Amino acid sequence: FAFRSLISNLSANLPDWYDYPYLVWIINTNLDKFISLDFPHLFDTNILYPNPNNLLLTDTLFTQTFLGLPVRVFTGNPIFIFNFVFLTTFVLNYIASFLLWGQVFKKDSIAFLGSLLTVFSPFFHAEGSHFQLQSYWPALLCLYFILKASKAKSYKYLVISGVFLTLQFLASVYLSVFLIAAIALFFFTEAIMNRKFIDPMRRLLTVLLSFSILSAPVIFGYLNVNKQYQVQRNY
């Protein structure tokens, strides 16, 4: 209901005409690179020519681009592709939220209500024009697998949580910074409460190591671009 006018005009409308055309451009530029396997120039775009790696002056939106790949096979309409990614993101936010609250409370009715409150929270309305910040389903799934790993005592789930931390990093750098802080607080709190520091720290390092390995090319890219352009970000 909230997106009824968008759903009826998927090929022509956008949620707004401020940041969203820019986001459409990033995702479709990425799709061109992915489809043509132009990975050597993955971070180069047609702005700020001839300066290289200018995609790394912002969020790469690679995670959102992955969601758009199946649709690109059937249509080249960049607005339709973006709207598909946009609406799919909210479905994934709901599913991830349902799994997380279900893991915490063990009751589907609470998970259902919690998911609605999460997806349509004040954050949703405040950040409606910032699609990067709406793509938080990887963060919720990362936390879900961390809780699952704590109960199952399995390092497999910690590696999976590192994968979702990577997806969050590729969707929104800021949200990944907040997510890493939340993960660290979780394991430090667990260590203090249980008075056992080695095992929580080992599990924290497992998550961060899998994230670092998977994200290394982009992390080093950001570091090099920060140095090259003297970028200052006030976190």
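Trainee: Is Phe124 buried or exposed?

Mentor: Buried means under 20% relative accessible area, exposed over 50%, and partly exposed in between, with a 1.4 Å probe and protein chains only. Phe124 has a relative accessible area of 11%, so Phe124 is buried. Please note that this is a predicted model, in which local features need pLDDT of at least 70 and side-chain atom pairs count only at pLDDT 80 or more, while totals for chains, interfaces and linings use all residues. Residues are numbered from 1 along each chain as its sequence is written, and side-chain values use heavy atoms, with hydrogens and water left out.

Trainee: How many aromatic pairs does the structure hold?

Mentor: Rings of Phe, Tyr and Trp (its six-membered ring) pair if their centres lie within 6.5 Å; planes under 30 degrees apart count as stacked, over 60 as edge-to-face and the rest as tilted. The structure holds 26 aromatic pairs. In one of them, the ring centres of Tyr20 and Phe131 are 6.4 Å apart and the planes stand at 45°, so this pair is tilted. Tyr20 belongs to helix 2 (residues 20–36) and Phe131 to helix 7 (residues 131–134), so that the pair links distant parts of the chain, 111 residues apart. Helices here are DSSP runs of H or I with at least four residues, numbered from the N terminus.

Trainee: Are Tyr20 and Phe131 buried or exposed?

Mentor: Tyr20 counts as buried, at 0% relative accessibility. Phe131 is likewise buried, at 0%.

Trainee: Which aromatic pair does Phe124 form with Phe120?

Mentor: The pair of Phe120 and Phe124 is edge-to-face, with 5.5 Å from centre to centre and 85° between the planes. Phe120 is partly exposed, with a relative accessible area of 43%. Ring pairs also join Phe3, Tyr20, Phe82, Phe86, Phe90, Phe120, Phe124 and Phe131 into a cluster.

Trainee: Where does the charged end of Arg4 sit?

Mentor: A charge sits over a ring if NZ of Lys or CZ of Arg is within 6 Å of the ring centre and within 35 degrees of the ring normal. The charged end of Arg4 is placed over the ring of Phe1, 4.2 Å from its centre. Lys148 lies over the face of Tyr157, 5.5 Å from the ring centre.

Trainee: At what angle do helix 8 and helix 10 pack?

Mentor: Axes are lines fitted to C-alpha atoms, for helices over the stretch in contact, and angles run from 0 to 180 degrees between N-to-C directions. Angles under 35 degrees count as roughly parallel, over 145 as roughly antiparallel, 65 to 115 as roughly perpendicular and the rest as oblique. Helix 8 (residues 137–152) and helix 10 (residues 173–194) pack at about 15°, with axes 11 Å apart. The two helices, helix 8 and helix 10, are therefore roughly parallel.

Trainee: How do helix 10 and helix 11 pack?

Mentor: Helix 10 and helix 11 (residues 198–229) pack at about 165°, with their axes 10 Å apart. Helix 10 is thus roughly antiparallel to helix 11.

Trainee: Which residues is Gln64 in contact with, leaving aside its neighbours within four places in sequence?

Mentor: Contact means heavy atoms within 4.5 Å. With those neighbours left aside, Gln64 is in contact with Ile27, Val85, Phe131, Gln132, Ser135, Leu170 and Ala171. Gln64 lies in helix 3 (residues 62–72) and is buried, with a relative accessible area of 1%.
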